[in-house]
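Me: I would like to learn how to read a few local features from a model. Can we go through them one at a time?

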Amino acid sequence: DGDRCPCRPAWTGSHHNGSTYRWRRMRELWLADNPWCQWPECNRPADEVDHIVPIAEAPHRRYDVTNIQSLCREHHRQKTNEDIKRARGIIT
C-alpha cells in the first residue's frame, strides 16, 4: 500500500512497493520543470526532489506537489540530516 514498514525508522524506506514508479515519474516531471536548487540563495542545478515536510510526518502528502522541492545534493543531504535529528528528538 506504499506505507512505511513499521519495523524501520521513520526516516528510511519512504518509497517502496507500488509507490516507486509513481514517485520516480513525479520526480522526473518535477525536475524537468524545476531544474535549479530551491534552497535560498543557491544557484546550483538540482539533483534531488525532496519532501518539504517528511513523509513520516505527513504520509498523506506523499504525492502532494505543494510538498516537494528541487535540491542540489549538498542541500538535500543537509535537510535530510536535519529531518533525521528532529525525528530522533535531537533538535526541535
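This is a predicted model: local features need pLDDT of at least 70, side-chain atom pairs count only at pLDDT 80 or more; totals for chains, interfaces and linings use all residues.

Me: How many residues does α2 have, and what span does α2 reach?

Reply: Helix α2 covers residues 73-87. Its 15 residues reach 21 Å from the first C-alpha to the last, close to the 21 Å expected at 1.5 Å a residue. Just after α2, Gly89 takes a positive phi of about 80°.

Me: Which residues of α2 are buried?

Reply: The general idea comes from the turn: an α-helix has 3.6 residues a turn, so residues three or four places apart point the same way. In this helix, the buried residues are His75, Lys79, Asp83 and Ile84. They pack against two strands, β1 (48-51) and β2 (68-71).

Me: Is Asp83 buried or exposed?

Reply: The cut-off for buried is under 20% relative accessible area. Asp83 has 12%, so Asp83 counts as buried.

Me: Which side chains make polar contacts with the side chain of Asp83?

Reply: One is the side chain of Lys79, at 2.6 Å. Another is the side chain of Arg86, with a polar contact of 3.1 Å.

Me: How many aromatic pairs does the structure hold?

Reply: A pair of aromatic rings is described by the distance of the centres and the angle of the planes. Here there is nothing to describe in those terms, as the structure holds zero aromatic pairs.

Me: What lies over the face of Tyr63?

Reply: Arg22 does, at 3.8 Å from the ring centre.

Technical notes: Residues are numbered from 1 along each chain as its sequence is written. Side-chain values use heavy atoms; hydrogens and water are left out. Rings of Phe, Tyr and Trp (its six-membered ring) pair if their centres lie within 6.5 Å; planes under 30 degrees apart count as stacked, over 60 as edge-to-face and the rest as tilted. A charge sits over a ring if NZ of Lys or CZ of Arg is within 6 Å of the ring centre and within 35 degrees of the ring normal. Helices (H or I, at least four residues) and strands (E, at least two) are DSSP runs, numbered from the N terminus. Buried means under 20% relative accessible area, exposed over 50%, partly exposed in between (1.4 Å probe, protein chains only). A polar contact is a pair of N or O atoms within 3.5 Å; within protein, one must be able to donate a hydrogen and the other to accept it, and residues adjacent in sequence count only if both atoms are side-chain atoms. The expected span of a helix is 1.5 Å times one less than its number of residues. Contact means heavy atoms within 4.5 Å.
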